[in-house]
Amino acid sequence: MTPHTLIANAASAPESIMFQDVMTVISNHYDYTPSTFTNGDVTNAAGTNEGSCKIFAFAQLNKLDKASTLALFGEFYRNDVLGHPQGSDHANIRNFMIHGWEGIQFESVAVTEKQPTGRLTTRTIAMHADTNAAGDIFGGWVLSQMDMAAGICAGQRAQCRVVTVALDGMSFIKPVHVGDILGVYTNIVRVGRSSIDVNVECWVRRSRIGQREKVTEAIFKFVALDADGQSMPVPQLSDLPHYVESEL
């Protein structure tokens, strides 16, 4: 589930929301940093009541109203709180019902949208010609886009021809669909005598304008070659043209 879908469900089908699904969406799409926060007359120290902290921070970031925010607490709100209005459990939910957003104050930013690692090296649109029988984009097409971007990055760093010699930790996290904009981000993580390791991440913008999601990642290993096809030393950073260092 994407944040966009979760937010839509909270508004149109709040009874379908489950607390653990909300935690999974936040974990998959956002970075969380514990923060002290107040909720009416209740103060929550950083690292305590983290479910409430994540939900309030997520809802505040996405400008959700009071009703949709309460819906994100799922069965705890519907069953434990609404089902027992005189209860004293789930103090953060009950306080928010009374004080609303006026009672929420964070000491620091608790939730931020996950960001790609590295610089955007290539960007393209997934087309019908690149799909499998299920309508998803071929994994091999995605892999070729990653290898191309990694080769650009490694070639700039080596200032010569480079060849792919290994691929580590390839993970297909989510499928790529027709119409998605595929952005490939690269970041050099190791430089040896003649070798370069490039971390590559692929992120998509769904249907060109929708939610951005990370779909694949891997480390590509390259070797620098001279004109005779023999391995050669990778130059020092200080020996690179000025434009290269700024783009790595």
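Q: What is the volume of the largest pocket in this predicted model?
A: Let's start with how empty space is found: rolling a probe the size of a water molecule over the atoms shows where empty space is left. On a 1 Å grid over the protein atoms alone, a pocket is an open set of points where a 1.4 Å probe fits, with protein on both sides within 12 Å along at least five of seven lines. Grid points are joined across faces, edges and corners, and a volume is the space filled by probe spheres set on the points. For the largest pocket, that volume is about 180 Å³.

Q: Which element gives the largest share of the lining of the largest pocket?
A: Lining residues have an atom within 4 Å of a point, and among them here are N28, H29, W203 and R212. Two elements give two or more residues to this lining, namely α2 (19-29) and β10 (212-225); helices (H or I, at least four residues) and strands (E, at least two) are DSSP runs, numbered from the N terminus. The largest share, 3 residues, comes from β10.

Q: How many residues of the lining of the largest pocket are charged?
A: Asp, Glu, Lys and Arg count as charged; Ala, Val, Leu, Ile, Met, Phe, Trp, Tyr, Cys and Pro count as nonpolar; the others, Gly among them, are polar. The lining has 2 nonpolar and 3 polar residues, and the number of charged ones is 6.

Q: How many disulfides does the structure hold?
A: A disulfide is a covalent bond between the sulfur atoms of two cysteines. Here the cut-off is a pair of cysteine sulfur atoms within 2.5 Å. Take C202: the closest cysteine sulfur, in C153, is 13 Å from its own sulfur, which is too far for a bond. The number of disulfides in the structure is 0.

Q: Is N199 buried or exposed?
A: Buried means under 20% relative accessible area, exposed over 50%, and partly exposed in between (1.4 Å probe, protein chains only). N199 sits in strand β9 (residues 195-205), and 10 of the 11 residues of β9 are buried, so this strand is largely enclosed by the rest of the structure. N199 touches Y185, T186, N187, V189, A218 and I219, not counting residues up to four places away in sequence, where contact means heavy atoms within 4.5 Å. With a relative accessible area of 14%, N199 is buried.

Q: Which residue in β10 is the bridge partner of D197?
A: Two strands pair if DSSP finds at least two bridges between them. Strand β8 (residues 181-191) pairs with β9 in the antiparallel sense over 10 bridges, and a hairpin of 3 residues joins them. On β9 and β10, which also run antiparallel, there are 11 bridges. Within β10, D197 has as its bridge partner K221.

Q: Which residues of helix α6 (residues 91-99) are buried?
A: The buried residues of α6 pack against several elements, including α3 (50-61), α4 (66-71) and β4 (104-106). After the helix comes G100, with a positive phi near 65°. The buried residues of α6 are N92, I93, R94, N95 and F96.

Technical notes: Residues are numbered from 1 along each chain as its sequence is written. This is a predicted model: local features need pLDDT of at least 70, side-chain atom pairs count only at pLDDT 80 or more; totals for chains, interfaces and linings use all residues. Side-chain values use heavy atoms; hydrogens and water are left out.
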